[in-house]
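Here are my notes on the model, written for reading beside the picture. Please keep the sequence at hand.

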Amino acid sequence: MEHIVIIGNGIAGTTTARNIRKKSDARITIISGETDYFFSRTALMYIYMGHMKFEHTKPYEDWFWEKNKLELKKGWVKAIDFDSRKIALEVGETIQYDKLVIATGSISNKFNWPGQDLNGVQGLYSLQDLELMEANTKNTSHAVVVGGGLIGVEMVEMLHSRGIHVTFLVREKNFWDIVLPVEDGQLIERHIRKHGIDLRLGAELNEIIGNETGHASAVITTKGERIPCTFVGLTVGVSPNVDFLRSSSLKIEKGILVNDFLETNITDVYAVGDCAQIENPGQGRRAIEPVWYTGRIMGETLAQTLTGNRTVYNPGVWFNSAKFFDIEYQTYGIVSPQVAENEGDFYWEHPDGDKALHFRWTTTTGAIRGINAFGIRLRHEVFDRWISEGKTIDFVVDLLEQANFDPEFYRKYEQEIKEGYRLGSLKASSAT
Ligand SMILES: Cc1cc2nc3c(=O)[nH]c(=O)nc-3n(C[C@H](O)[C@H](O)[C@H](O)COP(=O)(O)OP(=O)(O)OC[C@H]3O[C@@H](n4cnc5c(N)ncnc54)[C@H](O)[C@@H]3O)c2cc1C
């Protein structure tokens with residue numbers, strides 16, 4: 001019987017396995033060094049904040065795996081011999097495969113800062129990181145978090161929930177300005193500050209100072225400011241977790257290079273999820289998209305190929321969602337930080353400063369390109385459809401009610417948004 005081995009039990013590896021099983025009786029083994037069972041990485045913060053126990057983050061009951069004949073192996077892979085199709089585990093065991101799926105996710109970045117390996121300094125990616133954070137923050141009253149992406153904001157919120165004073169160092173002048181337009185970033189900035197966080201924009205880490213026991217005691221910024229603290233969170237992005245494969249014949253740049261079918265340069269070896277780098281990403285897409293939904297779509301696609309229906313990976317309309325403290329954020333399609341030359345732009349913000357929608361469209365055709373939503377939940381399938389069908393901005397604004405996914409009793413804002421849009425259009429046409 002064919003043996004498919006999957007390294008990594010995250011969303012990408014697990015989705016691949018589940019979807020192969022729906023169509024095939026192949027022997028499937030999933031290997032992971034992190035945990036026995038698949039869990040939701042995006043829920044890690046809620047364990048620390050006391051909203052969930054680890055058990056609640058597991059999407060499937062423990063009996064699910066045996067019932068579906070998905071063999072689980074706990075252990076770290078240290079090397080793969082692609083010629084003999086053998087996987088070597090750190091514990092000394094070897095596993096033979098016929099087909100191999102690499103789904104090893106990401107690791108947290110570090111940039112060789114002096115002091116980055118002191119006790120009390122860490123990133124946040126794995127369950128082990130969460131356990132370390134639990135231990136590291138036991139007696140902390142002041143923490144510094146470096147790096148203002150989504151994981152950085154989560155770490156700040158986690159620390160804040162325990163009454164720890166947080167200084168948040170963000171290199172960019174405007175919050176997350178490599179992703180968000182300036183209005184959106186400023187809304188989040190204000191919200192973070194409203195929670196009492198000492199957010200410092202345009203601030204970079206220079207070094208972390210340790211005490212005589214080798215524990216972090218302060219950070220020094222590039223401007224020479226000294227911030228005393230006993231915990232330092234480094235959340236300066238992630239990179240594909242592929243270093244253990246670099247000396248092999250597998251083609252790797254930042255991530256494992258895959259073609260449109262998620263196939264690597266080696267026959268019968270595939271890569272999915274955060275560790276995969278698409279050789280020719282579609283227009284407006286990145287070669288590596290380290291988000292949950294990408295891992296899921298890649299897993300579903302690869303399972304088709306591995307069960308006899310060779311299928312091109314189509315990422316669909318870009319979507320991501322997150323939470324900045326109390327503000328839910330969703331993004332659909334393309335909303336770049338700067339407005340492009342042929343692009344229309346409409347930003348609506350509620351006077352309370354906690355809700356906003358940001359629309360972008362192609363000026364020549366009116367076709368909607370993307371939307372950012374803050375504090376208003378939109379229906380995924382509606383915006384996915386409107387963007388892929390090229391509906392016009394006028395159509396979208398007119399039918400906005402259809403896309404609202406807030407519970408019935410929530411106050412709705414469509415009328416204000418429509419008025420704002422019409423006023424903006426009138427101004428624009430009288431100016432031309
Ligand atoms: C704190 C946090 C919050 C996040 N929030 C969001 C969010 O709100 N929305 C969103 O879209 N995305 C979010 N992400 C990103 C998202 O979680 C990842 O994109 C996704 O989990 C990646 O899935 P994956 O299956 O590719 O890899 P992973 O989930 O990383 O799984 C890979 C697994 O492989 C194991 N592994 C790696 N190397 C080896 C080896 N050599 N031997 C054995 N096992 C190995 C790893 O230990 C890991 O268990 C968040 C990430 C973090 C860390």
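1. In β2, I4 has I28 as its bridge partner. The structure is a predicted model, and the points below should be read with that in mind.

2. Strand β1, residues 3–7, and strand β2, residues 27–32, pair in the parallel sense, with 5 bridges between them. To get from β1 to β2, the chain passes through helix α1, residues 11–23, and this β-α-β crossover is right-handed.

3. The bridge partner of I4 in β7 is K99.

4. Are the residues of β1 buried or exposed? The strand is mostly covered, with 5 of its 5 residues buried. H3, V5 and I7 point one way, I4 and I6 point the other way, and all of them are buried. Side chains in a regular strand alternate between the two faces of the sheet.

5. T57 belongs to a loop, the one between α2 (44–48) and α3 (63–67). Why does T57 count as buried? Its relative accessibility is 3%, and buried means under 20%, so T57 counts as buried.

6. What does T57 touch? Leaving out residues up to four places away in sequence, T57 touches F39, S40, A43, I47 and M52. A polar atom of the T57 side chain also lies 2.6 Å from the backbone oxygen of F54.

Terms used. Residues numbered from 1 in each chain as written. Predicted model: local features only at pLDDT ≥ 70, side-chain atom pairs only at ≥ 80, totals over all residues. Heavy atoms only, no water. Helix = DSSP H or I, 4+ residues; strand = E, 2+ residues; numbered from the N terminus. Buried < 20%, exposed > 50% of the residue type's maximum accessible area, 1.4 Å probe, protein only. Polar contact = N/O pair within 3.5 Å; in protein donor to acceptor, adjacent residues only side chain to side chain. Contact = heavy atoms within 4.5 Å. Pairing = 2+ DSSP bridges. Right-handed = clockwise from strand over helix to strand, strands pointing away.
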